[in-house]
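Subject: A structure for you to look at

Hello,

Here is the structure I promised to pass on. Please open it first, and then read my notes below alongside it.

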Amino acid sequence: MDEDVLAVTARSAPGRLLAVLAAFDHAHPALSLTDISRRAGLALTTAHRLVSALTEWGALERDPAGVYHVGLRLWELAALAPRGLALRQVALPFLEDLYEATHENVQLAVRDGSEVVYTEWLSGRSAVGVHIRVGARWPLHVTGVGLALLAHSDSALQETYCAGRLASYTAHTITDPARLRRVLAEVRRTGVAVSSRQVTEDALSVAAPVRGPGGAVTAAVSVVVPHADAQVPVLAPAVRLAARGISRALGWQPEGRPG
């Protein structure tokens with residue numbers, strides 16, 4: 001998180017605690033007390049008091065070198081999140097089936113605002129390399145799972161997103177709002193999202209939406225393959241089957257079927 005944002009967040013007592021936790025991210029998984037103080041925008045004495053309290057509770061852990069890491073207590077709480085580990089546990093058997101059918105990278109993700117967050121990733125030994133890890137975030141428009149989630153978001157969010165800045169990573173990244181709207185319409189029509197070479201020049205992903213008990217899209221599943229060898233007509237049914245299986249396991253019933 002940007003340091004200026006952290007400093008603003010830190011004005012309230014709860015905000016100061018959150019700022020300490022927000023100082024940690026994938027690029028900064030281990031921090032000294034001084035690092036935490038600087039990144040959270042807090043005085044060193046204040047940071048020390050808050051870090052001590054968080055460490056005693058288990059939200060942070062201090063190693064023998066005096067460096068702090070995120071504690072297991074937060075992992076325990078995260079396990080209760082319906083879109084986190086709970087979703088992963090339901091989805092994992094279907095993700096494993098999809099992996100066995102393709103032997104390619106398989107991913108599960110949810111939407112958080114204007115970003116997609118990956119909650120599970122199964123990697124094939126000889127599969128194409130991807131810039132993904134559990135907890136990673138990417139803009140919605142550049143990945144298959146992101147397109148699947150954005151296409152099934154409410155129309156106001158879609159319009160706001162399309163009107164905003166569309167980050168570019170390769171020459172193939174969608175940066176034109178009109179084109180993005182057409183792609184989203186196609187995703188809704190076919191039930192499958194295809195993202196080709198948007199993040200790297202060599203990868204293509206095929207994704208499908210996962211629905212919750214009420215039918216709303218709550219997650220998306222995808223397979224990522226080398227662009228040169230991609231066979232979308234072959235992959236799409238397998239991805240849709242996995243997404244449908246997860247949806248049913250979450251309690252979704254197709255229209256016209258009794259509960």
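Let me begin with the second largest pocket, which is lined by His152, Arg188, Thr190, Gly191, Ala208, Pro209, Arg211, Arg240, Ala243, Arg244, Ser247 and Trp252. Two or more of these residues come from each of helix H9 (177-190), strand E8 (203-211) and helix H10 (232-249). H10 gives the most, with four residues. By class, the lining divides into four nonpolar, four polar and four charged residues. The space in this pocket is about 240 Å³.

Some background on how to read this: the model is predicted, so local features need pLDDT of at least 70 and side-chain atom pairs count only at pLDDT 80 or more, while totals for chains, interfaces and linings use all residues. Residues are numbered from 1 along each chain as its sequence is written, and side-chain values use heavy atoms, with hydrogens and water left out.

A pocket is an open set of points on a 1 Å grid over the protein atoms alone, found with a 1.4 Å probe, with protein on both sides within 12 Å along at least five of seven lines; lining residues have an atom within 4 Å of a point. Its volume is the space filled by probe spheres set on the points, which are joined across faces, edges and corners. Helices (H or I, at least four residues) and strands (E, at least two) are DSSP runs, numbered from the N terminus. Ala, Val, Leu, Ile, Met, Phe, Trp, Tyr, Cys and Pro count as nonpolar, Asp, Glu, Lys and Arg as charged, and the others, Gly among them, as polar.

Next, the sheets. Six strands form an open sheet in the order E6-E5-E4-E9-E8-E7, with antiparallel pairing (two strands pair if DSSP finds at least two bridges between them). Strand E6 (137-139) and strand E7 (193-196) are at the edges with a single partner strand each, so one side of each has no neighbour in the sheet. On average, neighbouring strands here are turned by 30 degrees against each other, direction ignored. Within this sheet, E8 and strand E9 (residues 217-226) run antiparallel and are joined by nine bridges; Ser205 stands opposite Val224 in E9.

Two helices lie across these strands. H10 lies across E4, E7, E8 and E9, at about 30 degrees to E8. Helix H7 (residues 144-151) lies across E4, E5, E7, E8 and E9, and runs at about 150 degrees to E9. Such angles run from 0 to 180 degrees between N-to-C directions, with axes fitted to C-alpha atoms, for helices over the stretch in contact.

H7 also packs against H9, at an angle of about 80 degrees and with the axes 9 Å apart. The two are therefore roughly perpendicular, a label for angles of 65 to 115 degrees (under 35 is roughly parallel, over 145 roughly antiparallel, the rest oblique). Leu147, Ala148, Leu150 and Ala151 of H7 make the contact (heavy atoms within 4.5 Å) with Leu180, Val183, Leu184, Val187 and Arg188 of H9. This contact has eight nonpolar, no polar and one charged residues.

Finally, there is an open sheet of three strands, ordered E1-E3-E2 and paired antiparallel. Its edge strands, E1 (30-31) and E2 (60-62), each pair on one side only. Ala30 stands opposite His69 in E3.

Enjoy exploring!
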